[in-house]
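I opened a new notebook page today to look through a structure step by step.

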Amino acid sequence: MLVESILKAPDTALVAAFEQPDSPFIGKDAGELVGLPCGVAISSDVAAGVAQADCLIDFTRPEGTLHHLELARAAGCGMVIGTTGFSADGKAAIAAAAEHIPVVFAPNMAVGMNAVFKLLDVAARILNEGYDVEIIEAHHRLKVDAPSGTALRMGEVVADALGRDLDACAIYGREGVTGERDGQTIGFSTIRGGDIVGDHTVLFAGIGERIEITHKSGSRMPYAAGSLRAARFIAPRKSGLFDMQDVLGLK
Ligand SMILES: NC(=O)C1=CN([C@@H]2O[C@H](COP(=O)(O)OP(=O)(O)OC[C@H]3O[C@@H](n4cnc5c(N)ncnc54)[C@H](OP(=O)(O)O)[C@@H]3O)[C@@H](O)[C@H]2O)C=CC1
Ligand SMILES: O=C(O)C1=N[C@H](C(=O)O)C[C@H](O)C1
């Protein structure tokens, strides 16, 4: 979808596309997969690719992204990072690299989800007493990290709005005799199955009423479209760490 979006946009050009070295797609035309042959052969040589590019869009795994980040930094190439599941050290490495190159790092590139982050801030400030906060997310069976990066960001938005520290108040799943619910906690529940693209709900459960704010992805195309917006956003910039709220002018 990234390749398709880049090839179809009037203001972007695909100069390289990557797979791992053992991929059967190495050497094939990157556009052929989406019926748009473009003369760019899929490669595993990220260093050579970033040397020609203004921006590297990376949705891989934390270890891959951090390696690519070093290559992008050495080449002075900006980066859009969609990968989730980073440790604190990984996030610090991204922030350090962003002192030298422009980076957009966001757990969810979809415009709709970024609107939801704003709605959550408003909702949490209104529902700041007497409402228990639970975050429920569902994804496809191939997803490897949990909770999703988006669910964690939802938790951060709500915790910030409520003046809480997410690290101190998050509960990741429950089992056994858990005792009564502590009203200061924010609970996370994870579902994995089939081909669910990505569903996220924040539930504010009060006495006599419940408020649910939900986002459902039916396609991955909004992530690709958001990534292109992020790439355009960093094009004129020399350095700095940004997220999709910056890209969309929501801060
Ligand atoms: N921010 C956002 O909007 C979104 C974020 N994501 C995140 O993007 C990431 C990727 O998700 P998804 O596309 O579903 O995953 P996939 O497994 O479909 O794709 C990941 C790709 O990265 C490659 N890869 C894995 N490890 C490495 C590595 N160490 N070095 C280089 N390449 C590597 C994989 O190769 P191989 O298959 O050979 O292992 C594969 O081509 C996840 O962290 C996910 O949460 C996903 C969608 C939206
Ligand atoms: O792995 C996925 O698929 C997705 N990952 C991101 C996340 O962890 O939040 C974004 C989206 O939910 C899809």
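These are my entries, in the order in which I looked things up.

**Ground rules**

I noted that this is a predicted model, in which local features need pLDDT of at least 70, side-chain atom pairs count only at pLDDT 80 or more, and totals for chains, interfaces and linings use all residues. Residues are numbered from 1 along each chain as its sequence is written, and chains are lettered from A and ligands numbered from 1 in the order in which they are written.

**Entry 1**

I started with the UniProt record, an unreviewed entry, which gives "domain: Dihydrodipicolinate reductase N-terminal" for residues 2-109.

Next I looked at the make-up of each span. Residues 2-109 are 35% helix and 15% strand, and their end C-alpha atoms lie 12 Å apart. Residues 112-248 are 37% helix and 27% strand, with 11 Å between the end C-alpha atoms. Helices (H or I, at least four residues) and strands (E, at least two) are DSSP runs, numbered from the N terminus.

**Entry 2: strand S3**

Which way do the residues of strand S3 point? I found Cys-55 and Ile-57 on one side and Leu-56 and Asp-58 on the other, and all are buried. Buried stands for 20 or more other C-beta atoms within 10 Å of the residue's own, exposed for 12 or fewer, and partly exposed for anything in between, with C-beta atoms placed from the backbone.

S3 runs parallel to strand S4 (residues 78-81), and four bridges join them. One of the facing pairs is Cys-55 and Gly-78. Two strands pair if DSSP finds at least two bridges between them.

**Entry 3: strand S6 and its partners**

I moved on to strand S6 (residues 132-139), which pairs with strand S9 (residues 198-205) in the antiparallel sense over seven bridges. Asp-132 has Ala-205 as its bridge partner in S9. S6 is also joined by seven bridges to strand S8 (residues 186-192), and these two run parallel. There, Glu-134 is bridged to Gly-187.

**Entry 4: the annotated active site**

Where does UniProt place the feature "active site"? The unreviewed entry puts it at His-139 and Lys-143. I looked up both.

His-139 is in strand S6. His-139 counts as buried because 25 other C-beta atoms lie within 10 Å. Its contacts, leaving out residues up to four places away in sequence, are Ser-148, Arg-192, Ile-196 and Gly-198. A contact here requires C-beta atoms, placed from the backbone, within 7 Å of each other.

Lys-143 sits in the loop between S6 and H6. Lys-143 is partly exposed, because it has 17 other C-beta atoms within 10 Å.

**Entry 5: a cis bond**

I checked Pro-147, which is in the loop between S6 and helix H6 (149-162). The peptide bond from Ala-146 to Pro-147 is cis, with omega near -10 degrees. Most peptide bonds are trans.

**Entry 6: the two ligands**

Which residues are around ligand 2? I listed Thr-84, Pro-107, Asn-108, His-139, Lys-143, Ser-148, Gly-149, Thr-150 and Gly-198. Being near means that the C-beta atom, placed from the backbone, lies within 6 Å of the molecule or strand. This shell divides into one nonpolar, seven polar and one charged residue. For the classes, Ala, Val, Leu, Ile, Met, Phe, Trp, Tyr, Cys and Pro count as nonpolar, Asp, Glu, Lys and Arg as charged, and the others, Gly among them, as polar.

Ligand 1 has 18 residues around it, of which Phe-59, Thr-60, Gly-64, Gly-82 and Met-109 come nearest. Its shell holds five nonpolar, 10 polar and three charged residues.

**Entry 7: Ile-171**

Is Ile-171 buried or partly exposed? I found Ile-171 in strand S7 (residues 170-172), and it is partly exposed because 14 other C-beta atoms lie within 10 Å. Ile-171 touches Thr-185, Gly-187 and Phe-188, not counting residues up to four places away in sequence.

Key. UniProt positions are given in the numbering used here, feature names are shortened, and annotations may be inferred rather than shown by experiment. Two residues are in contact if their C-beta atoms, placed from the backbone, lie within 7 Å.
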